[in-house]
Amino acid sequence: MIEDETAIRKGVVEALRAAGYEPIEAADGAEGLAAARRPEVNLVLLDLMLPKMDGMDVLKSLRKTHASLPVIILTARGSEEERIAGLKAGADDYVVKPFSARELVARVEAVLRRSPERPSDVSRLFVGKVTVDLERREISVADGEPHSLSETECAILSHLAANAGRAISRDELLTRLWGLSGTGIETRTVDMHVARLRSKLATASRENSAQYIVTVRGKGYMLGPDVRLPDSSS
Ligand code: CA
């Protein structure tokens, strides 16, 4: 959340936190650009009138390194030119000030839903001769009975698959999987689900030593090298 007006920034941050997100805040453009480039960032809320670096410059710089990171710009009422310029510079959506925190959270959800980084994009994974069908929640083997997966196990696997190559923290998995209702659920619960998932994959593929879900020390979990994703063309 990049915004120099403290009251607006704090209000939005509070609303996002209440909705289960983990907002990072910045009060000027330069600090905001640096924060937006942090690997754990999934979406940027960007005010345009900012000290140190103008919001439009932040957006243009950000697009050079992060072409598909979702950005919602916050613009002043009536400034149609600003909105058009923002969308042209690669913003995904805009919200006109003054806005309600509820409206903004709804926009955030909508933009994240259609973002290519969303888990729903991956529906099948391949582990050796085994196919994991995330929609049918099943692990199938050519010469055996299919094994079923729980909704949580599928959600973990699809979030890791959608973010292949990036370590996902337990906290992020908690927030992504349980959202608001995740409050009170411990990160240990995530470990438990991952352990069960690993054991199911090992049993189905009959390869105990294969790396399906890797633990990255101090960071979290990552999809392992022995899992193949479908070609993007299919
Ligand atoms: Ca401002």
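Q: Which residues does Val-132 touch, not counting residues up to four places away in sequence?

A: Contact means heavy atoms within 4.5 Å. By that rule Val-132 touches Ser-123, Arg-124, Leu-125, Val-127, Glu-138, Ile-139, Leu-149, Leu-157 and Leu-201. This is a predicted model, in which local features need pLDDT of at least 70, side-chain atom pairs count only at pLDDT 80 or more, and totals for chains, interfaces and linings use all residues. Residues are numbered from 1 along each chain as its sequence is written, and side-chain values use heavy atoms, with hydrogens and water left out.

Q: Which members of the largest nonpolar core touch the most other members?

A: In soluble globular proteins, nonpolar side chains tend to be buried together. A nonpolar core is a set of buried Ala, Val, Leu, Ile, Met, Phe, Trp, Tyr and Cys residues joined through side-chain atoms within 4.5 Å; buried means under 20% relative accessible area, exposed over 50%, partly exposed in between (1.4 Å probe, protein chains only). Here the largest core has 29 residues, and Leu-125, Val-132, Leu-157, Tyr-212 and Ile-213 touch the most other members. Elements giving two or more residues to this core include strand S4 (124–127), strand S5 (130–133) and helix H8 (187–205). H8 gives the most, with six residues. Apart from this core lies another, of 18 residues, among them Ala-36, Val-41, Val-44 and Leu-62. Helices (H or I, at least four residues) and strands (E, at least two) are DSSP runs, numbered from the N terminus.

Q: In what order do the three strands of the open sheet lie?

A: Strands of a sheet pair through backbone hydrogen bonds, either parallel or antiparallel. Two strands pair if DSSP finds at least two bridges between them. In this sheet the order is S1-S2-S3, with parallel pairing. S1 and strand S3 (93–96) are the edge strands, each pairing on one side only. Four bridges join S1 to strand S2 (residues 71–75), and the bridge partner of Asp-47 in S2 is Leu-74. H3 packs on the sheet, touching S1 and S2, and its direction makes about 145° with that of S1. Axes are lines fitted to C-alpha atoms, for helices over the stretch in contact, and angles run from 0 to 180 degrees between N-to-C directions.

Q: Which residues coordinate the calcium ion?

A: Donors are N, O and S atoms within 2.8 Å of the metal (3.2 Å for Na, K and Ca); water is not among the atoms, so sites may look incomplete. Asp-4 (OD), Asp-47 (OD) and Met-49 (O) coordinate the calcium ion at 2.1 to 2.4 Å. Asp-4, in the segment before helix H1 (6–18), and Met-49, in the loop between strand S1 (44–47) and helix H3 (55–65), are 45 residues apart.

Q: Why does Met-49 count as exposed?

A: Met-49 counts as exposed because its relative accessibility is 61%. Asp-4, at 30%, counts as partly exposed.
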